Amino acid sequence: MTVKEKNMNGTDTRVSGADALLRCLIEEGVDTIFGYPGGTIMPVYDKLLDYSQSLRHILTRHEQGAAHAAQAYAMVTGKPGVCFATSGPGATNLVTGIANAFLDSVPVVFITAQVVSGLIGTDAFQETDILGISMPVTKWNAQVKKAEDIPSAIARAFYIARSGRPGPVLVDIAKDAQVEKLSYSYSKCTYIRSYNPVIPLHMRDVESAAVMINHAEKPLILAGHGVTISGATEELKALAVKGGIPVAVTLLGLPAFPQGHRLYAGLLGMHGNYAPNMLTNSADLIIAVGMRFDDRVTGNIKKYAPDARIIHIEIDKAEINKNVQVDLEINNDAREVLTALLPLVREKSRENWIREFRILDRIEYEKVIRPETEPEEGDIRMGEVVSLVSELTGGNAVVVTDVGQHQMAVARYYRFNEKSTLVTSGGMGTMGFGLPACLGAACGNPGKPVVSFIGDGGFQMTLQELGTLMQYRIPVKILILNNGFLGMVRQWQEMFFNRRYASTEMVNPDFVAIAGAYGIAAQRVSRREELRDAVKKMLEAEGPYILETAISREANILPMVEPGASVSEVTLTY
């Protein structure tokens, strides 16, 4: 629908570019913006005051924090996140967050301001070529120099961000374009010539997939982030149940399949579960849905799934045959494909194949899981903390992690179910993601508990966002798992560099005192007998709360597929 503002005489109302921008956002259903003001974006922020009833602005303490918060907001709502920043350093501070959203296929509309159009290209004060810088990590970007071009640019940005394989876009708006007047009208974008995000489904390919599945003895489904993005979790479960097919998941695919289900095979990858890694190389058919065969999942590609034919269901054509050569490619939306495939698949039990997973599950439980989650003595373990939080939340929290050992512990020991949501940095592996991401997740899903697991290293990369939690009283619960090391790097130094701990041991501040300075309730625990009551207190607190837990300093995350190894060459103990 086209919206056109008119005055009392029936003539077009002239509004500023800044005003038009905010009206466009409202037309696209935006209600929350994360950002940080500066010189060139001041006209937008000035006009933002007039829209406080429709648009909530969250002032983060750094532009990177705003980018991560906007991504997390998008991940929990399914709507594009929106992030504002000024020119120069404001724009460049977004780049890590943009890249993070790009690799994890999350729709975020980044809006940066630019110097006045007459100065572009002159190396003016706080001018940077943000289009050139961001081009490799955005689906699309554009620069606007005239106010009249703002509505069409914003419409295109939202259409591209949310369609096909989602991802970040960036619109850079010159300062004079924000001030100039235009006759405002807005039409949502539904088509762009040469951009074809929706590809017709070829039933012949679906029928071929069904034949391959029906004749397979040991099929294995690998489910990735694309399953949840497309809303295909129920279709995936129905296919697995009908065909008696085990389902293994990637890190970002964890919420795609309930972990209590008998067909749940486990987490794939370097620190994934024993059974799915070992049995990938025993499968005779792999059905990959909405995943990209990342190196953390495949291990040594030359040794990957040697006896399996591979079906790859993936919306992004560029990901098919990029890392692993497949036998059947279906370049379409996961939900559409699974819906069409389900009636063609025969009912089978495949109990002997499923039993192979259960046998290896028991081995992993005895050698790794029980010692990690049920230790009888020694220091507190990451796994037991995560397992306890999972128990006390019923697996129903929005779980946010930073990056490192604790991230893998969460992936392994938090029991995600149909109501779970995981917000984490997958492809980019960005330390510092956890704190700003948890505030974005809470803004997008008010009323649902948000629990963030963060290591002592990652916490200190973006701890200034405690100021944002303080200002808006965002009720997130943060567990700092403190081992006094950059834990994952230290693990690699122990395993592959003869325990030469080069620049990984950390002298940390008093995190409880820092929380107190921001007016945030906090507690520190170091004894196992204190842990359960401390976690309960944290979860029952009304506002933001930080629980620092001292954990074993040199514990490792196992199992592990070591670099260069096959996925079936798993190190269980070290």
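Predicted model: local features only at pLDDT ≥ 70, side-chain atom pairs only at ≥ 80, totals over all residues.
Which residues line the largest cavity?

Residues are numbered from 1 along each chain as its sequence is written, and side-chain values use heavy atoms, with hydrogens and water left out.

**Stop 1: the sheet with β3 to β8**

Select strands β3 to β8, which form an open six-stranded sheet in the order β4-β3-β5-β6-β8-β7, with parallel pairing. Helices (H or I, at least four residues) and strands (E, at least two) are DSSP runs, numbered from the N terminus, and two strands pair if DSSP finds at least two bridges between them. The edges are β4 (56-59) and β7 (140-144), each of which pairs on one side only. From one strand to the next, the twist averages 20°; axes are lines fitted to C-alpha atoms, for helices over the stretch in contact, and angles run from 0 to 180 degrees between N-to-C directions.

Next, select residues 81-85 and 108-114, which are strands β5 and β6; five bridges pair them in the parallel sense. Within this pair, G81 stands opposite V108 in β6.

**Stop 2: an aromatic pair**

The whole structure holds nine aromatic pairs. Rings of Phe, Tyr and Trp (its six-membered ring) pair if their centres lie within 6.5 Å; planes under 30 degrees apart count as stacked, over 60 as edge-to-face and the rest as tilted. Select F34 and Y73, an edge-to-face pair at 5.9 Å centre to centre with 65° between the planes. F34 belongs to strand β3 (residues 32-35) and Y73 to helix α3 (residues 63-77), so the pair ties together parts that are 39 residues apart in sequence.

**Stop 3: the sheet with β17 to β22**

Select strands β17 to β22, an open sheet of six strands with parallel pairing, ordered β18-β17-β19-β20-β22-β21. Here the edge strands are β18 (421-423) and β21 (521-525), each pairing on one side only. On average, neighbouring strands are turned by 20° against each other, direction ignored. Strand β21 runs parallel to β22 (residues 545-550), joined by five bridges, and R524 stands opposite E548 in β22.

Two helices pack on this sheet. Helix α16 (residues 382-393) touches β19 (450-455), β20 (477-482) and β22, and its direction makes about 165° with that of β20; contact means heavy atoms within 4.5 Å. Helix α18 (residues 434-444) touches β17 (398-401), β18, β19 and β20, at about 175° to the direction of β19.

**Stop 4: the cavity**

Select E372, I380, R381, M382, I551, S552, A555, N556 and I557, which line the largest cavity. On a 1 Å grid over the protein atoms alone, a cavity is a set of points where a 1.4 Å probe fits but cannot get out, and lining residues have an atom within 4 Å of a point. The space in this cavity is about 30 Å³, a volume being the space filled by probe spheres set on the points.

**Stop 5: two backbone details**

Select L558 and P559: the peptide bond between them is cis, with omega near 0°. P559 lies in the loop between β22 and β23 (560-561). Finally, select R350, which has a positive phi of about 50° although it is not a glycine. R350 is in the loop between α14 (334-341) and α15 (351-373).

Methods
1 Å grid on protein atoms, 1.4 Å probe; cavity = no way out; pocket = protein on both sides within 12 Å on 5 of 7 lines; lining within 4 Å.
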